[in-house]
Amino acid sequence: NTANWIPDLFMKRVAEESQWTLFSPHETPDLHDLYGIEFETRYIEYEQETTVGIISNFKTIPALDLWRKMLSMLFETGHPWVTFKDPCNIRSPQSHTGVVHSSNLCTEIMEYTSEDEVAVCNLASIALPMFIKDGAFDHEELFRVTKTVTKNLNRVIDRNYYPVIEAENSNLRHRPIGLGVQGLADAFIKLRLPFTSEEAKKLNQEIFETLYFAAVTASAEEAKIDGPYKTYKGSPMSKGEFQH
């Protein structure tokens, strides 16, 4: 599974209809571990080096042409995925452990990896139509189910089979879980809400507020029993910085 790991600077160049420079990674190795302002600053420095002959192995093309090529390939083949490097790292709940270099194959979870860690996806999907009762969305029931799912995924981490020690290392150190949903469109249809209506937008936001609040509540309850996960100290959450 292939992916385009896109920095914000590229999207700025697309919006400006300006140029993008392609480098050989062996000449620009530190870009792999940079994101945000640090990436942008270093990238521009490398571009300046091409103008004075320090870097000769490069190619400059219109950023918009490359973006259109990416989208065309995605529509035609389903690949490569499009994933955004800077938001993934800036909002990472494990930003203190290191830079995230890629996502899982469907891009719904981002985890740190290293020489002795292979990231593991511990995922569950919640069917939203089941929470529609008497023509309304039952947030209290979604909260209850989400807490149960969160605690079950936490148990999965302890009881899972790990084919390689690196996967076990990652899972037991960071205890990552991911919660998704399915059937949002079906839920809107059952509630007779046009997809683009303000009511639908509001419900969409409230659903994920409920999910997030329930998941964090369940996590805190588990931590009271088992203690925090091994790499919790120093994380944004340990400082009161929530992911949103």
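Trainee: In which helix does Thr210 lie?
Mentor: Thr210 belongs to helix H8, residues 198-226. Helices (H or I, at least four residues) and strands (E, at least two) are DSSP runs, numbered from the N terminus. Residues are numbered from 1 along each chain as its sequence is written. The model is predicted, so local features need pLDDT of at least 70 and side-chain atom pairs pLDDT 80 or more, while totals for chains, interfaces and linings use all residues, and side-chain values use heavy atoms, without hydrogens and water.

Trainee: Why is Thr210 called buried?
Mentor: Buried means under 20% relative accessible area, exposed over 50%, and partly exposed in between, with a 1.4 Å probe and protein chains only. Thr210 has 12% relative accessibility, so Thr210 counts as buried.

Trainee: What is Thr210 in contact with, leaving aside neighbours within four places in sequence?
Mentor: His139, Leu142 and Phe143. Contact here means heavy atoms within 4.5 Å. In the protein, 71% of the contacts with a separation of 6 or more are between residues 24 or more positions apart. Buried residues are 35% of the 244 residues, and the protein has 8 helices and 8 strands.

Trainee: What makes Ala185 partly exposed?
Mentor: The relative accessible area of Ala185 is 36%, so the label is partly exposed. Ala185 lies in helix H7, residues 184-190.

Trainee: How do you know that Phe10 and Trp20 form an edge-to-face pair?
Mentor: The structure holds 11 aromatic pairs. Phe10 and Trp20 are one of them, at 5.1 Å centre to centre and 80 degrees between the planes. Rings of Phe, Tyr and Trp (its six-membered ring) pair if their centres lie within 6.5 Å; planes under 30 degrees apart count as stacked, over 60 as edge-to-face and the rest as tilted. The two values therefore give an edge-to-face pair.

Trainee: What does the pair of Phe10 and Trp20 tie together?
Mentor: Phe10 is in helix H1 (residues 8-16) and Trp20 in strand S2, so the pair ties together parts 10 residues apart in sequence. Phe10 is buried, because its relative accessible area is 2%. Trp20, at 8%, is buried as well.

Trainee: What makes Tyr212 and Phe242 an aromatic pair that is edge-to-face?
Mentor: Their rings are 6.5 Å centre to centre, with 70 degrees between the planes. Tyr212 is in helix H8 and Phe242 in the segment after H8, 30 residues apart, and the pair links these distant parts of the chain. Tyr212 has 26% relative accessibility, so Tyr212 counts as partly exposed. Phe242 also counts as partly exposed, at 45%.

Trainee: Which residues form one aromatic cluster?
Mentor: The cluster consists of Phe10, Trp20, Phe23, Phe39, Tyr43, Tyr46 and Trp67.

Trainee: How do you know that the charged end of Arg42 sits over the ring of Tyr46?
Mentor: The charged end of Arg42 is 4.0 Å from the centre of the Tyr46 ring. A charge sits over a ring if NZ of Lys or CZ of Arg is within 6 Å of the ring centre and within 35 degrees of the ring normal.

Trainee: Where is Arg192, and why is Arg192 called exposed?
Mentor: Arg192 is in the loop between H7 and H8. Its relative accessibility is 70%, so Arg192 counts as exposed. Arg192 has a positive phi of about 60 degrees although it is not a glycine.
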